[in-house]
Amino acid sequence: KKVCVVGLGYIGLPTASLLALNGFQVHGVEINIHTVEGINQGKVHIAEPELEHAVQRAVGGGLLKASTLPSEADIFILAVPTPFRENNRPDLTYVEQAAKSIIPFLRAGNLVILESTSPVGTTERIADWIVEARDDLSISDAAEYNRIFISYCPERVLPGQIMRELVENDRIIGGIDDASTHFTAEFYKHFVKGAILESNARTAEMAKLTENSFRDVNIAFANELSLICDQLDINVWELIRLANHHPRVNILQPGPGVGGHCIAVDPWFLVDAAPEQAKLIHTARIVNDQKPWYVVEKVLQQAAKLRSPVIACLGLSFKANIDDLRESPSMAIVEHLAKMGGATLYVAEPHIEKLPDRLNYENVFFADAEEAVQQADIVLLLVNHEAFRFISPNLLQEKIVVDTRGFFLQSPRMEVGV
Ligand code: SAJ
């Protein structure tokens with residue numbers, strides 16, 4: 001069988017290579033010509049463990065080819081981004097472009113699967129676009145001889161563990177009708193070891209948004225606790241560790257805010273769809289979005305006590321042990337401190353080669369973690385990278401520590417936690 005994967009990003013490329021390694025003939029489609037050329041040479045533009053190896057084997061085996069335009073296939077997978085605009089409304093431009101780009105290549109019996117995180121009702125809209133454009137094809141059970149099958153199957157993989165989770169995670173499948181659901185389930189069974197859970201398109205779309213909103217709301221709870229503890233002079237990490245000994249309590253970890261392109265975005269899709277009802281979800285977004293500014297405030301309070309403060313900023317990525325700076329609260333915090341001037345910043349991010357252009361300020365220097373800490377009066381821990389475990393506690397003794405992740409603050413001795 002031939003599969004056409006539209007969008008070769010964080011989800012599309014791993015999925016395309018996995019399918020190829022499972023014997024499918026895969027055509028990957030990507031608008032970025034440089035990405036296409038790289039992939040066809042077995043090169044990968046995404047830092048993700050095991051991905052490059054998989055792409056090399058798939059391309060080397062002749063089962064994965066990339067180009068900028070789609071072609072005929074048995075199964076089409078749409079894995080393009082769904083960003084949200086300034087006004088917190090989902091932007092379906094890429095999904096619409098991707099869906100419309102495959103319409104000329106569709107034949108009776110084809111299966112179209114949307115994997116992109118999408119507002120409820122998007123899969124039905126894709127069906128409408130197909131019906132409008134192709135009066136020779138039907139999406140209803142009534143016309144089996146010329147029908148197209150359409151489903152939603154959200155990706156749920158965690159960056160850093162994508163290749164493993166693509167195989168092991170359970171998958172929710174929601175077709176626009178039962179026949180589409182069953183057809184799609186049979187397809188995923190070829191390469192997924194987790195459970196295949198059958199539902200309908202709207203529920204599957206909502207499930208994806210629910211999962212990430214659940215995590216956002218729970219992180220907001222932890223972040224709110226960190227603010228309360230700061231007021232009441234309590235070590236929030238000790239508090240959470242103790243509370244989590246209760247058999248039915250499982251609090252997540254506070255941090256400098258919520259980053260990445262999923263958890264800080266997807267809840268807005270629900271708020272947009274039902275603003276009157278989604279009150280808690282909306283408030284959680286606000287709590288998490290405000291956390292970086294609370295951290296900035298905390299650092300400035302400490303810096304105000306010093307004549308020419310030097311701050312070691314440890315970590316820029318949106319979470320531990322990855323190089324992804326997109327939507328990173330740590331980046332926002334460091335950028336803000338840099339812009340304000342008045343302090344010298346030594347920034348350590350072991351997962352990148354040089355500072356991003358956004359931090360191109362006279363008072364900002366790229367440093368290794370130990371060197372940064374040595375130079376600093378204030379140590380601002382932003383990301384709990386394993387690489388920072390090697391910082392000797394002795395080095396921190398004379399410093400003011402603002403630890404946003406509880407990385408050094410496992411005991412109540414350190415001074416400032418947020
Ligand atoms: N974070 C905290 N405290 C915590 C856990 C996370 O502050 O206790 C922060 C992280 O530092 C980071 C942000 O939240 O800034 C998000 O990180 P994450 O590890 O929770 O999630 P992502 O964005 O890497 O991936 C999520 C996952 N969703 C869920 O766990 C419900 C993943 O399974 C999804 O596939 C992915 O979103 C997606 O693509 O939607």
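**Entry 1: helix α7**

I started at helix α7 and found D178 and E186 exposed on one side of it. The model I am reading is predicted: local features need pLDDT of at least 70, side-chain atom pairs count only at pLDDT 80 or more, and totals for chains, interfaces and linings use all residues. Residues are numbered from 1 along each chain, as its sequence is written.

I noted the cut-offs for burial. A residue is buried if 20 or more other C-beta atoms lie within 10 Å of its own, exposed if 12 or fewer, and partly exposed in between, with C-beta atoms placed from the backbone. Helices (H or I, at least four residues) and strands (E, at least two) are DSSP runs, numbered from the N terminus.

Which residues of α7 are buried? In this helix, residues 178–188, I listed S180, T181, F183, T184 and F187. They sit on the same side of α7, because they cover an arc of only 170° around the axis. The arc is that of the directions from the helix axis to the C-beta atoms. D178 and E186 are on the other side.

Next I looked up the packing. The buried residues of α7 pack against β4 (75–78), β5 (111–114), β6 (149–152), β7 (171–175) and β8 (196–200). Contact here means that two C-beta atoms, placed from the backbone, lie within 7 Å.

**Entry 2: helix α3**

I repeated the check on α3. Its buried residues are A54, V55, A58 and V59. Down the axis of α3 they fall within an arc of 125°, so they line one face of the helix. They pack against α1 (12–21), α2, β3 (64–67) and α6 (162–168). Just after α3, G62 takes a positive phi of about 75°.

**Entry 3: positive phi**

Most residues other than glycine have a negative phi. I looked for exceptions.

E50 is not a glycine, yet its phi is positive, about 70°. I found E50 in the loop between α2 (33–40) and α3 (51–60). It counts as partly exposed because it has 13 C-beta neighbours inside 10 Å.

N321 is another residue other than glycine with a positive phi, near 65°. Its loop runs between β9 (310–314) and α12 (329–340). With 14 C-beta neighbours inside 10 Å, N321 also counts as partly exposed.

**Entry 4: two single residues**

Where is L137? I found L137 in the loop between α5 (122–133) and β6. It is partly exposed, with 18 other C-beta atoms within 10 Å. Leaving aside neighbours within four places in sequence, L137 is in contact with L106, A108, I130, N146 and I148. R147 is ten residues away from L137 along the chain, and their C-alpha atoms are separated by 5.7 Å.

Is A204 buried or exposed? A204 is buried, with 26 other C-beta atoms within 10 Å. It belongs to helix α8, residues 201–232. Not counting residues up to four places away, A204 touches Y152, C153, P154, I172, I173, G174 and S199. A303 lies 99 residues from A204 along the chain, and 49 Å separate their C-alpha atoms.

**Entry 5: the domains and the ligand**

The protein chain is divided into domain 1 (2–200) and domain 2 (230–417). These bounds come from an automatic or database domain assignment. Their centres, taken over C-alpha atoms, are 35 Å apart. Ten residues from domain 1 and twelve residues from domain 2 make the contact. I sorted the side of domain 1 that touches domain 2 by class: six residues are nonpolar, three polar and one charged. Ala, Val, Leu, Ile, Met, Phe, Trp, Tyr, Cys and Pro count as nonpolar, Asp, Glu, Lys and Arg as charged, and the others, Gly among them, as polar.

How many residues surround the ligand? I read 20, with L252, Q253, G255, G260 and C262 the closest. A residue counts as near if its C-beta atom, placed from the backbone, lies within 6 Å of the molecule. The shell has nine nonpolar, six polar and five charged residues. Both domain 1 and domain 2 give residues to it, so the ligand lies between them.

**Entry 6: the whole chain**

The protein chain has 14 helices and 14 strands. Of its 418 residues, 44% count as buried. Its C-alpha trace spans about 80 × 50 × 40 Å along the principal axes. Among contacts between residues at least 6 apart in sequence, 67% join residues at least 24 apart.
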